[in-house]
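Work through the exercises below with the model open. Each task is followed by a stepwise solution.

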Amino acid sequence: MALSSIKPSAPRTVSAANLPAAPQQQALTQQAPEDAFVPGLKPTVKQLLELTKLEASPEFQRLDPSVRQQVLSSLHDGGVTPNKVATAKALISAPGFKSMAPENQKLALETLAKTGFNRFIGKSLERLVNAPSFNQAQKVDQTAMLSQAKNYPNTASIGNIERLSGKLWFASQSHEDKARTLKTIAYMSDPSRGDRTIINNTLEKILGPDAKFDIQWVDHQGRKAGHAVDSDTMQLDYSYATPDNGPGVQSKLDWVGNRTVPHEVNHLLSNYKVESSYKFVEDEYRGWYVGVQAQLGRPPTKAEAAAYFKNAYIDDMLGIYGGTASGVRHGKEAGKMFDLISKAIGVPVTDNETFYTSLTEYSKKGTGVRNEAAPPPPGNIDNR
Ligand SMILES: [Zn+2]
C-alpha cells in the first residue's frame, strides 16, 4: 500500500506564516527529537524512506488491510521517526505475531502506540507473542493477555503475563478466572506501587521457574478477600476482580493483589494451619503485617496494629479468628500471644484481663506512640 493512500496527518506545506510564533527559549526547551516528524512539517527524506521500506516489506504486506492502516496511522500520530518504524517492524515480524488474529494484532499495536513505540515494550510484546504457551492459547485468552498488557503497559507486567501464560494451573482456569488472574498479576507487577521487594518476591513464588503456589478464584461473597487452603493454593474472592478485559477497579485490585496475595503467600511459606496454637496467631499477625507493608510501602503503625487486634480478637466478643484464637488465650501458649500483642501496640498485656483493657490503655497514648511503626513479627517478613 502506498503512503499516499492513507492520510493520517497528511504533510502540509509550511510557511513562516502558519508556524506558531514561539519565544526563542520555549522553542529550545520544546525541541523535537532529532529525527521526529513534527506535525505540520514535511517528513524528512530519511523518514519517508523508512516508511516506504516498511510498506514494501513482506511482513507489512501480508497483514490484514485494517492492521496495515493501524500501523501507519499510529506511526504518524505524534510524528514518524526511524526508531518508531523499526520498533513497529520488529513486532509485526515476530513469528508469534504473524499467527495472531487481526483483532489481537491490533491490540498489541495499540499497546506499542500507547507507549510511544517504546522499544523495551516492543521487546516485551515480542517475547509474549512468541511464547509457545501464548501461541497455544485460545484466541479469546490471547485477547485477555494482550488486553491486560495494554491496561498495564510496562515491561514488568507484560513479562509476568508471559510467565503466567506458561503455568499449567493458569492454563487450566476458566476463561473468566484467567481474566481475573491476569489483571491481578498485571496490577501487582506495575512497579509504581507498593513495597517492590515484598511484591516481587511474592510474584516470584507464583510465577518464577520454581514457583509452587497457585491462585484459585472462589465465591466468598466478599466475606474475605483470600484464604490459604492447603500447602500451595490460595483462594481469592470473585468480588475483587471482574472477569473481563478491562483494567479492574483499582481499590479492589490494590487490596486483593498488593495486600491479600502477599498475606496468603506468607501463610503458604510458613506451612500455615488453622489451629489453636501460638503459631497460628503469629502467622496471622505476620501475614497482616506483610500485607500492609506490601500495599502501603511502609510498616503498619501501632495505631493500625491496635485496630487489627481489635478486629481480629475482640470485636463481637471473639473477632474474626473466633474460637481458634480464644483457645490460645486460654491455653498454655497464652503468654506468647500476650507478649506479641504487648510488643505490637506498646502496652503491657500479661493475662486475659489486661488483654481486654490493653486497647483502652493504648488509646491513652499520644499520637507520637500511635504513629510509631509496629515492630515486625518474627519470621519471614518479605516473602523471600
Ligand atoms: Zn491470614
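A residue is buried if 20 or more other C-beta atoms lie within 10 Å of its own, exposed if 12 or fewer, and partly exposed in between, with C-beta atoms placed from the backbone. The model is predicted: local features need pLDDT of at least 70, side-chain atom pairs count only at pLDDT 80 or more, and totals for chains, interfaces and linings use all residues. Numbering starts from 1 along each chain as its sequence is written.

**Exercise 1.** State what share of the residues counts as buried.

Solution. The protein has 384 residues, and 40% of them count as buried.

**Exercise 2.** Classify the packing of helix α8 against helix α11.

Solution. Helices are DSSP runs of H or I with at least four residues, numbered from the N terminus.
Step 1: the axes of α8 (residues 119–130) and α11 (residues 155–165) come within 9 Å and cross at roughly 5°. Axes are lines fitted to C-alpha atoms over the stretch in contact, with angles from 0 to 180 degrees between N-to-C directions.
Step 2: angles under 35 degrees count as roughly parallel, so α8 is roughly parallel to α11.
Step 3: the contact (C-beta atoms within 7 Å) involves, among others, Leu125 and Leu128 of α8 and Ile158 and Ile161 of α11.

**Exercise 3.** Find which residues touch the most other members of the largest nonpolar core.

Solution. A nonpolar core is a set of buried Ala, Val, Leu, Ile, Met, Phe, Trp, Tyr and Cys residues joined through C-beta atoms within 7 Å.
Step 1: the largest core has 88 residues, and Ala108, Leu112, Leu125 and Ile161 touch the most other members.
Step 2: helix α16 (residues 278–296) gives this core its largest share, eight residues.
Step 3: leaving out residues up to four places away in sequence, the residues that Ile161 touches include Leu128, Met145 and Leu182.

Notes. Helix = DSSP H or I, 4+ residues; strand = E, 2+ residues; numbered from the N terminus. Parallel < 35°, antiparallel > 145°, perpendicular 65-115°, else oblique. Contact = placed C-beta atoms within 7 Å.
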